[in-house]
Structure formats: structure tokens, C-alpha cells
Amino acid sequence: WCHYKRKRADAQPKTPASFDLTEDRTVAKILVAEDDVSMAICVSDWLMVDLHKVERVESGEEALALVSNSIYDLFILDWWLKDINGLEVLERIRSQ
């Protein structure tokens, strides 16, 4: 399913004539923390099709560093990251 979505992401979206493509149409700012690079790319591509702004990291520490400097609307966290599990990352984010 990822291969299909990546093709769709490359295609031009069909938009009504009144849709102003010069405006910022980002729906949400999303942080994806996933140590499997192919899965992270797949999830990110899927989200970007709908104009979400996505940032990817491969570790819990990287996620925490970005969260300390930015505001995100959504976190997608791998449960088994290399350094800190996703639940611990979430707990640390909530305590900030």
C-alpha cells in the first residue's frame, strides 16, 4: 500500500478553480518518530498527500529535542525506538 500512496503523492491533486494554491494550506504539523526508515518515509508520504507538514526523526532523543523548540499538532511514535520507547517520549513531552 505504501508504493501506491507514494505514486499518488507525486500526482497533481485535483482542485477546484477557487482553491488558491498560493495560500498556506498545511493542515497539521506532525512529528513522526520511527527508527525503520522505510516505514517513516511511507507514513510521512501518506500524510503529506493531505498537505500535512511532517518532520521525521529516528530516535526518542531527537524527537524530544525538536519538541523543545517547536509546537506539533500530532505525534506518531514508534513503540520500540532505539533509545527511548514511544511511551516514555510521550510522558516526557507531557511533563514539559
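**Entry 1. The chain as a whole**

I began with the surface: the chain exposes about 6,700 Å², and carbon and sulfur atoms supply 53% of it. Accessible areas come from the Shrake-Rupley method with a 1.4 Å probe, and for residues only the protein chains shown count as cover. I noted that this is a predicted model, in which local features need pLDDT of at least 70 and side-chain atom pairs count only at pLDDT 80 or more, while totals for chains, interfaces and linings use all residues. Residues are numbered from 1 along each chain as its sequence is written, and side-chain values use heavy atoms, with hydrogens and water left out.

I then looked up burial. Of the 96 residues of the chain, 30% count as buried. Buried means under 20% relative accessible area, exposed means over 50%, and partly exposed lies in between (1.4 Å probe, protein chains only).

I listed the elements next and found four helices and three strands. Helices (H or I, at least four residues) and strands (E, at least two) are DSSP runs, numbered from the N terminus. From the N terminus on, I read the elements as α-β-α-β-α-β-α.

For contacts, I used heavy atoms within 4.5 Å. Among contacts in the chain with a separation of 6 or more, 61% come from residues 24 or more positions apart.

**Entry 2. The sheet**

In what order do the strands of the open sheet lie? I found three strands in the order β2-β1-β3, with parallel pairing. Two strands pair if DSSP finds at least two bridges between them. The edge strands are β2 and β3 (74–77), each of which pairs on one side only. The twist averages 20° from one strand to the next.

I recalled that strands of a sheet pair through backbone hydrogen bonds, either parallel or antiparallel. Here β1 and β2 run parallel and are joined by five bridges. Within this pair, I saw K29 opposite K53 in β2, and V32 opposite R56 in β2.

Helix α2 (residues 37–49) packs on the sheet and touches β1, β2 and β3. The direction of helix α2 makes about 170° with that of β2; axes are lines fitted to C-alpha atoms, for helices over the stretch in contact, and angles run from 0 to 180 degrees between N-to-C directions.

Why is β1 largely enclosed by the rest of the structure? I found that four of the five residues of β1 are buried, and therefore the strand is largely enclosed.

**Entry 3. Salt bridges**

I searched the whole structure and recorded three salt bridges. A salt bridge is a side-chain nitrogen of Lys or Arg within 4 Å of a carboxyl oxygen of Asp or Glu.

One of them joins the side chains of E55 and K29, at 3.8 Å from N to O. Because E55 lies in strand β2 (residues 53–57) and K29 in strand β1 (residues 29–33), this pair ties together parts that are 26 residues apart in sequence. E55 is partly exposed, at a relative accessible area of 21%.

Which residue forms a salt bridge with E61? I found R92, with the closest N and O atoms 3.5 Å apart. E61 lies in helix α3 (residues 60–69) and R92 in helix α4, so the pair ties together parts that are 31 residues apart in sequence. Both are partly exposed: E61 has a relative accessible area of 42%, and R92 has 33%.

R92 also forms a salt bridge with E88, their closest N and O atoms being 3.0 Å apart. These two residues are separated by about one helical turn, because they are four residues apart in helix α4. E88 is partly exposed as well, at 29%.

Leaving aside its neighbours within four places in sequence, L64 is in contact with I84, V89, R92, I93 and Q96. L64 and I93 are 29 residues apart in sequence, and their C-alpha atoms are 7.0 Å apart in space.

**Entry 4. A nonpolar patch**

Lastly, I looked for nonpolar surface and found a patch of about 390 Å² made by W79, W80 and L87. Patches are made of residues with over 30% relative accessible area and no salt bridge; like charges are joined within 9 Å, and nonpolar side chains (Val, Leu, Ile, Met, Phe, Trp, Tyr) within 5 Å. L87 is found in helix α4 (residues 86–95). At 38% relative accessibility, L87 counts as partly exposed.
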